[in-house]
Amino acid sequence: MSGLVLVIEDEVDLATTLEYNLRAEGFQVRLAHTGRSGLAAATSDPTPDVIVLDLMLPDLAGTEICRRLREQDRTRETPVIMCTAKGEEIDRVVGFEVGADDYVVKPFSVRELILRIRALMRRVQRTEGEPSLVRFGRLKIDRDAHRAWVDEGEIGLTALEFRLLHAFLSRRGRVQTRDALLSDVWGIDADVTTRTVDTHVKRLREKLGDAGAYIETLRGVGYRFKGEPEEVEA
Ligand code: CA
């Protein structure tokens, strides 16, 4: 899979390592070492397909950059993966509030980052004319018929559980806050709390059995459906 990745990272060694590895995987790469140059690089032609954004930059915070990217038409929909250091839990949450799609915690493996970049690119490329039948590892769903299978065995889901699974699958590889799930699955005006989301996710996960491992819990943030089936250890 090719595509242009913009890496906004002030640690030059890390940025260079990422560039080398991404190029080896067939990606085109654009590097920026400051927030301001990163913003400029995000909007210059051709615009990047995915942005890897460091949270701590010398001139602008990653959260601020993300917010600005979301305000501009050219970058509003561009997937952003935030790189954070360990222990930046609060900043992480803020990161999703300003619209990051995923994150990795430093030190992260380049392999993991590449899997996540691929997942985000696939999501974007797949949105046009997606077929009704979607396969993800051991899981298969038919969106039109509202049916789901794990290892070819059909699982009985309620309408709500199906909507939840569908929301997870169609935004796979992206972090989903409880609030976002509430408005996507239940509707904004629904009289339910975020705890209801947790209850239903738990039940859905139980019904999915081994495939329930595709749903990852992010403490204090929400959930993330794996970007690739291979992210679950066999
Ligand atoms: Ca940094």
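1. Five strands form an open sheet in the order β2-β1-β3-β4-β5, with parallel pairing. Its edge strands are β2, residues 28-32, and β5, residues 102-106, each of which pairs on one side only. From one strand to the next, the twist averages 20°. The model is predicted, and this applies to every point below.

2. Within this sheet, strand β1 (residues 4-8) pairs with β2 in the parallel sense, over five bridges.

3. Helix α1, residues 12-24, lies across β1, β2 and β5 and runs at about 170° to β2. Helix α2, residues 35-43, packs on the sheet and touches β1, β2 and β3 (50-54). The direction of α2 makes about 165° with that of β1.

4. There is also an open sheet of four strands, in the order β6-β7-β8-β9, and here the pairing is antiparallel. The edge strands are β6 (133-136) and β9 (153-155), and each pairs on one side only. The twist in this sheet averages 25° from one strand to the next.

5. Strand β7 covers residues 139-142, and its antiparallel pairing with β6 runs over four bridges. Helix α6 (residues 159-170) packs on the sheet, where it touches β6, β7 and β8 (147-150). The direction of α6 makes about 115° with that of β7.

6. Helix α6 also packs with helix α7, residues 178-186, at an angle of about 125°, and the two axes are 9 Å apart. The angle therefore makes α6 oblique to α7. The crossing of α6 past α7 is right-handed.

7. Which residues meet where these two helices pack? From α6 come Leu-160, Arg-163, Leu-164, Ala-167 and Phe-168, and from α7 come Leu-181, Val-185 and Trp-186. Sorted by class, this contact has seven nonpolar residues, no polar ones and one charged residue.

8. Five aromatic pairs are found in a search of the whole structure. One of them is formed by Phe-168 and Tyr-223, with 6.1 Å from centre to centre and 80° between the planes, so the pair is edge-to-face: the angle is over the 60 degrees that this class requires. The pair links distant parts of the chain, with Phe-168 in helix α6 and Tyr-223 in strand β12 (residues 222-225), 55 residues apart. Phe-168 is also among the α6 residues that meet α7.

9. Some backbone details deserve a look. Most peptide bonds are trans, and most residues other than glycine have a negative phi. A cis peptide bond joins Asp-45 and Pro-46, with omega about -15°; Pro-46 is in the loop between α2 and β3. The bond from Lys-106 to Pro-107 is cis too, with omega near -5°. Pro-107 is placed in the loop between β5 and α5 (110-126).

Terms used
Residues are numbered from 1 along each chain as its sequence is written. This is a predicted model: local features need pLDDT of at least 70, side-chain atom pairs count only at pLDDT 80 or more; totals for chains, interfaces and linings use all residues. Side-chain values use heavy atoms; hydrogens and water are left out. Two strands pair if DSSP finds at least two bridges between them. Axes are lines fitted to C-alpha atoms, for helices over the stretch in contact, and angles run from 0 to 180 degrees between N-to-C directions. Contact means heavy atoms within 4.5 Å. Angles under 35 degrees count as roughly parallel, over 145 as roughly antiparallel, 65 to 115 as roughly perpendicular and the rest as oblique. A crossing is left-handed if the near helix is turned anticlockwise from the far one by less than a right angle, and right-handed if clockwise. Ala, Val, Leu, Ile, Met, Phe, Trp, Tyr, Cys and Pro count as nonpolar, Asp, Glu, Lys and Arg as charged, and the others, Gly among them, as polar. Rings of Phe, Tyr and Trp (its six-membered ring) pair if their centres lie within 6.5 Å; planes under 30 degrees apart count as stacked, over 60 as edge-to-face and the rest as tilted.
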